[in-house]
Amino acid sequence: MNRLSTQKRVQVIAALVEGMSIRSIVRMIGASKNTVVKLLEDIGNACSIYQDKVFRDLTCKRIECDEIWSFVHAKEGHLPPELQGVFGYGDIYTWVAIDADTKLVPCWNVGRRDAVSGEAFIKDLASRLANRVQLSTDGFKVYLTAVEEAFGADIDYGMIVKVYGHNQDEQTRRYSPAVCIGCEKEVIAGNPDQNLISTSYIERQNLTMRMSMRRFTRLTNGFSKKIENHMHAIALHYMYYNFCRIHKTLRCTPAMEAGVSKTLWSIEDIVALLDK
């Protein structure tokens, strides 16, 4: 397999972080599919290792968490019997945390929507923080146990529970979310500011994921076929989001706003991680 030049690697990664599919990149760049996939694997590993290293002792004040659905290989209902219940096939959830002030995404976890994945995610989040924070989540009950085990009493935790109406029309129910008819804020631990109990930023971040990664686009055949490549794509996405993409309201990158980086990164800087 031929080694891509630095210029070609920059072109491939730039296309990936802007939401292009691998086959589209193959047609545009002229590289083979295997070469593009191998580059995704290498750069995904490098981005994951780098972010795991630098996102430590963070001085965040407000954190919002949520989980976003996707699937690998096939949707859960279409899996053959021998693949049902096997991790890496069917429904996959990405648990994500965001700093509401700096918009930094300090950690994420790819797994199932269950207690095991939730507890691992919250423990990872707790290990990266240097101080007490205010945490907001939705009403998913897994967070209750996970937050208590990871933070104990050293957290101000609020939960926002949304109430949805019912769509009568089958077509509307299938392709459109139910209408939110109300929400309730609950204080779970500590003394959170109830005006700041919200999941608005993390839900907007979910949209950014779906718009920036072809694998998350609904109703297409661009979904992930292998769980490993799914994870690599997410690591690359957050490397670009945290270090390269200037946030419109901040006028700098989330990493710069959070004090993790002093400079604006480029795609070339991400490619340079491969040599390191």
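The model is predicted, with local features requiring pLDDT of at least 70 and side-chain atom pairs counting only at pLDDT 80 or more, while totals for chains, interfaces and linings use all residues. Residues are numbered from 1 along each chain as its sequence is written, and side-chain values use heavy atoms, with hydrogens and water left out.

The chain contains 10 helices and six strands, assigned as DSSP runs (helices H or I, at least four residues; strands E, at least two) and numbered from the N terminus. Its radius of gyration, 19 Å, is close to the 19 Å that the globule rule gives for 276 residues, so the chain is as compact as a globular protein of that length; the radius is taken over C-alpha atoms, and the rule is 2.2 Å times the number of residues to the power 0.38. The C-alpha trace spans about 55 × 50 × 35 Å along its principal axes.

Most residues other than glycine have a negative phi. His 73, in the loop between β1 (62–72) and β2 (90–99), has a positive phi near 75°. At 36% relative accessibility, His 73 is partly exposed. Arg 251 likewise is not a glycine and has a positive phi, of about 65°. This arginine lies in the loop between α8 (227–243) and α9 (254–257) and is exposed, with a relative accessible area of 74%.

Conventions
Buried means under 20% relative accessible area, exposed over 50%, partly exposed in between (1.4 Å probe, protein chains only).
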